[in-house]
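Trainee: I am new to this structure and would like to go through it by question and answer. Please show it to me before we start.

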Amino acid sequence: MAWDIPFAELRSLLGERFLTTQAARAEHSRDESHFTPVLPDAVAWPESTAEVSAIVKICAAHGCPVVPWGVGSSLEGHVLAVKGGVTLNMNRMNRVLAVHAEDMDVVVQPGCTREALNTELRATGLFFPIDPGANASLGGMAATRASGTTAVRYGTMKDNILALEVVLADGRVIRTGSRAKKSSTGYDLTRLFIGSEGTLGIITELTLKLHGQPEAVSSAVVDFPDIGSAISAVITTIQAAIPMARIEFVDETAIRAFNAYEKTTYPERPHLFIEFHGSPSGVAEQAELAGEIMTAMGGSDFRHAATTEARNQLWKMRHNALFAAKSTKPGCIVLTTDVCVPISRLAEAVLETRADIDASPLTGPMVGHVGDGNFHCCLLLDPDDPRDKEAALDLAHRMAERALRLGGTVSGEHGVGMGKKKYLEEEHGAAWEVMGLIKQALDPQNLMNPGKLVKEG
C-alpha cells in the first residue's frame with residue numbers, strides 16, 4: 001500500500017463519526033450489485049461541506065482514496081472501495097436548505113432522499129419528479145445521472161439540476177451554475193460532475209428544478225399478445241406526440257412474479273403500465289388517444305387505476321420488480337443490467353434479448369422505461385453455482401454489445417461503476433481518453449473513487 005489511513009487526524013476531526021470497526025466497514029462493503037464485497041479501511045460521516053473539505057485535504061496529504069456513499073443502492077459497484085481508503089457516508093448531510101417556490105427550485109444537501117424531498121414539498125404544490133424506484137439519495141442520483149419511470153416526460157437528473165457545490169480532490173470547494181434558468185458563461189461544469197460517479201469530486205449541495213404537481217393524474221394497465229405488439233404500441237404512442245408521464249414495459253415473466261409476490265391476477269402476457277399528467281380534460285384526451293393506438297396494436301382495454309391508492313399500489317408493484325423476481329427463486333442473487341437504444345430499434349433489442357434469456361439456463365424478468373428506449377433484465381443466479389454467474393455475465397455482455405450495434409448505450413441509467421467500464425472505449429472512442437485527461441487534471445493522485453468509470457494509469 002502506497003499510502004496510510006490518517007486515523008488520528010480524522011478521528012480528531014470527527015470523533016465518533018469516524019469508525020474503523022469491522023461492523024461499520026462491512027456495512028459499507030457492498031451495494032446492490034453482484035460484485036464481491038470489499039471492505040473500506042474506515043468510514044466517515046461528515047455533517048457539512050467544511051468537514052468534507054477537511055477530510056479530503058487530510059486524505060490528499062496522505063495519498064488516501066476517498067469513496068462517497070449515498071444509500072448503497074447502486075447496481076454496478078460504484079461505491080465499493082476497491083483500492084481501500086475512507087468511505088464518506090453522506091447521509092448526515094440530509095437537509096432541505098431552501099425552497100424557492102416562486103422560482104420553482106430547491107437547494108438540498110446530497111444525503112437528502114427523493115422521498116424526503118417530496119414530503120417536504122407537499123404544501124408548496126411542487127414536486128421533484130425523478131423516480132429511479134429506490135429511495136436513493138439525491139447526491140447519488142446526480143453522481144450517476146439517474147432517471148427512472150418519469151424520464152419520458154420530465155427528463156433525467158441532468159435536465160433537472162441547476163447548480164452544484166463540489167469538493168475537489170485537493171479539498172477546494174467550487175460552485176457550478178446558479179439559480180438562473182439558463183446561462184451562456186463558461187464551461188458547463190454542472191453537467192461535467194453529473195454522472196461523474198464521484199471520480200472528479202464529492203457533491204455537497206444541489207440546486208434542483210421543481211415542477212408543479214399535476215391537476216389530474218390517471219394510470220392504467222394494458223396487456224398484449226406478445227412483446228412485439230407491446231413495443232410497437234410504445235413506439236407509435238411516442239411518435240404520435242402523446243405526452244406520457246410514464247410508459248413502462250413488463251414482460252410475462254415479470255408479470256408472473258408480480259402475481260405471486262403481490263397476490264395480483266394479471267394475465268400472464270406482456271403489459272404496459274401507463275400514466276398521464278395534466279388537466280382533467282387533457283388527461284382524458286391523452287388516455288383516449290393512447291387507448292385507440294394500443295387497441296389497434298392488439299392491446300386489451302385499459303384497466304384504469306382510478307384512485308390515488310390504486311395508482312400508488314400500481315407503481316409500488318412496478319418499483320418492487322426486483323423483490324418480486326427474487327421471490328420466485330428463494331436464496332438467489334440477482335445480476336441486474338440495463339441498456340438504452342434509439343426507440344426505433346427498441347423492439348429488435350428487446351426481442352433479441354428475450355430470445356437470449358430463453359435460450360439460457362437462467363430466469364430473467366424484463367422491465368423497462370421503454371418510452372425512452374431503456375430496459376432492464378433481472379437475471380436470477382444460484383450463488384453456489386459458478387455456471388449461473390458465467391451465463392449471466394454472458395447475457396449482460398450480449399445485451400451491451402447489442403445496444404452498441406443498434407446505436408445505443410451500454411447503460412441508460414445504472415451508470416458505469418466497475419461493471420460497464422470495459423465497454424466505455426467501444427462506446428465513446430477517443431472521447432474516453434479525454435475523460436481520462438479530465439480525471440488526471442482534477443485528481444492527479446487518483447484518490448476520488450478510484451477504479452471506476454475512467455481509464456487509469
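**Salt bridges, helix contacts and backbone**

Mentor: A salt bridge here is a side-chain nitrogen of Lys or Arg within 4 Å of a carboxyl oxygen of Asp or Glu. This is a predicted model, in which local features need pLDDT of at least 70 and side-chain atom pairs count only at pLDDT 80 or more, while totals for chains, interfaces and linings use all residues. Residues are numbered from 1 along each chain as its sequence is written, and side-chain values use heavy atoms, with hydrogens and water left out.

Trainee: How many residues apart in sequence are the parts that R303 and D223 tie together?

Mentor: D223 belongs to strand β12 (residues 216–223) and R303 to strand β15 (residues 303–305). Helices (H or I, at least four residues) and strands (E, at least two) are DSSP runs, numbered from the N terminus. The pair therefore ties together parts that are 80 residues apart in sequence.

Trainee: Does D223 count as buried or exposed?

Mentor: Buried means under 20% relative accessible area, exposed over 50%, and partly exposed in between (1.4 Å probe, protein chains only). R303 has 30% and is partly exposed. D223 has 4% relative accessibility, so D223 counts as buried.

Trainee: In the salt bridge of R318 with E248, how far apart are the closest N and O atoms?

Mentor: R318 counts as buried at 6% relative accessibility, and E248 is buried at 0%. R318 lies in helix α11 (residues 308–319) and E248 in strand β13 (residues 244–250), 70 residues apart. The closest N and O atoms of R318 and E248 are 2.9 Å apart.

Trainee: How is helix α13 directed relative to helix α14, roughly parallel or roughly antiparallel?

Mentor: Two packed helices are described by the angle between their axes and the distance between the axes. Axes are lines fitted to C-alpha atoms, for helices over the stretch in contact, and angles run from 0 to 180 degrees between N-to-C directions. The axes of α13 (residues 346–358) and α14 (residues 386–405) come within 10 Å and cross at roughly 160°. Because angles over 145 degrees count as roughly antiparallel (under 35 roughly parallel, 65 to 115 roughly perpendicular, the rest oblique), α13 to α14 is roughly antiparallel.

Trainee: How many charged residues does the contact of α13 with α14 have?

Mentor: Contact means heavy atoms within 4.5 Å. Among the residues making it are E348, E352 and D356 of α13 and R398, R402 and R405 of α14. Asp, Glu, Lys and Arg count as charged; Ala, Val, Leu, Ile, Met, Phe, Trp, Tyr, Cys and Pro as nonpolar; and the others, Gly among them, as polar. The contact divides into 4 nonpolar, 1 polar and, as asked, 6 charged.

Trainee: What is the phi of M104, which is not a glycine?

Mentor: M104 sits in the loop between β5 (96–100) and β6 (105–108). At 34% relative accessibility, M104 counts as partly exposed. Its phi is positive, about 60°.
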